[in-house]
Amino acid sequence: DFYSQFIFNHLTNLSYNNEILKKFKINNPKDLIDSLFNENNDFEELIKASEGNPRDTIHILQATALKANGYKINTNHVREAARQAFNKSKEYNIRQRENAYPFLKWIIKSVIKERGVRAFLLGSSEKNELIDFLYSNRVLHIIKSGIIDIENPENRYKVYTIDYGCYIDLLMVNKAPQGLFSYKNDKNRIKYIKILESQYGPLVIDRAVLELSQYSKITINKN
């Protein structure tokens, strides 16, 4: 596993850690993860919280270890550490930019709370300064470009996911997003897509596209 190897390499690169690892007979990445985490699911939660960013993985792991206070790390430790990291850095930075935080809250409401998912689509050529700002501050993540609309293959999309830190509180009350996208089947029941593909039909595309113009209408009406 990339992340267990990455963490193991990071620790062994710090010379003073080598003696500690030897003392506890930690000789490989699996030994390390087994010694640090209560269960494998708790380690997987760390990977989710870091959104695939190696720097965030180490940062959150350090904070998580402090939360665990000598005990094996569990999912609650990861979530508490991730919330703290998000509030101190990412959320703080977002609040410094005018309109960025209300815009982020609107995205969270539109995508996670209303659709029950954690990803959305934007046209590949679509430009928006606030989207770019949230992306540069690692609150939005692009996980794939060039998604094809099967019925209109000239249309291509980027897949954005919303940062784990944005919905930690929802995880705590069992209202976590259920997948990347959703669609209604022929019985009008909502189904969730958890594995990303390279093309989708209108049932998925129509529900996954985030219409940024809707936010503009809301702000105009408020004014």
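Buried here stands for under 20% relative accessible area, exposed for over 50%, and partly exposed for what lies in between, with a 1.4 Å probe and protein chains only.

The model is predicted, so local features need pLDDT of at least 70 and side-chain atom pairs count only at pLDDT 80 or more, while totals for chains, interfaces and linings use all residues. Residues are numbered from 1 along each chain as its sequence is written, and side-chain values use heavy atoms, with hydrogens and water left out.

Next, centre on Phe120 and show what surrounds it: leaving aside neighbours within four places in sequence, Phe120 is in contact (heavy atoms within 4.5 Å) with residues including Ile107, Val111, Ile131, Leu140, Ile162 and Phe181.

Move on to helix α8 (residues 129–136), where Leu130, Ile131, Phe133 and Leu134 are the buried residues; helices are DSSP runs of H or I of at least four residues, strands are runs of E of at least two, and both are numbered from the N terminus. Looking down the axis of α8, you will find these buried residues within an arc of 160 degrees, taken from the directions from the helix axis to the C-beta atoms, so they line one face of the helix. The face turned away from the buried side carries the exposed residues Glu129 and Ser136.

At the N-terminal end of α8, select Asn128, which caps the helix through a side-chain oxygen 3.0 Å from the backbone nitrogen of Leu130. Following α8 comes Arg138, with a positive phi near 60 degrees.

Now display α7 together with α8: the two pack at an angle of about 85 degrees with their axes 10 Å apart, the axes being lines fitted to C-alpha atoms over the stretch in contact and the angles running from 0 to 180 degrees between N-to-C directions. That makes α7 roughly perpendicular to α8, a term for angles of 65 to 115 degrees. In this packing, Ala100, Phe103, Leu104 and Ile107 of α7 meet Leu130, Ile131, Phe133 and Leu134 of α8.

Technical notes: A polar contact is a pair of N or O atoms within 3.5 Å; within protein, one must be able to donate a hydrogen and the other to accept it, and residues adjacent in sequence count only if both atoms are side-chain atoms. Angles under 35 degrees count as roughly parallel, over 145 as roughly antiparallel, 65 to 115 as roughly perpendicular and the rest as oblique.
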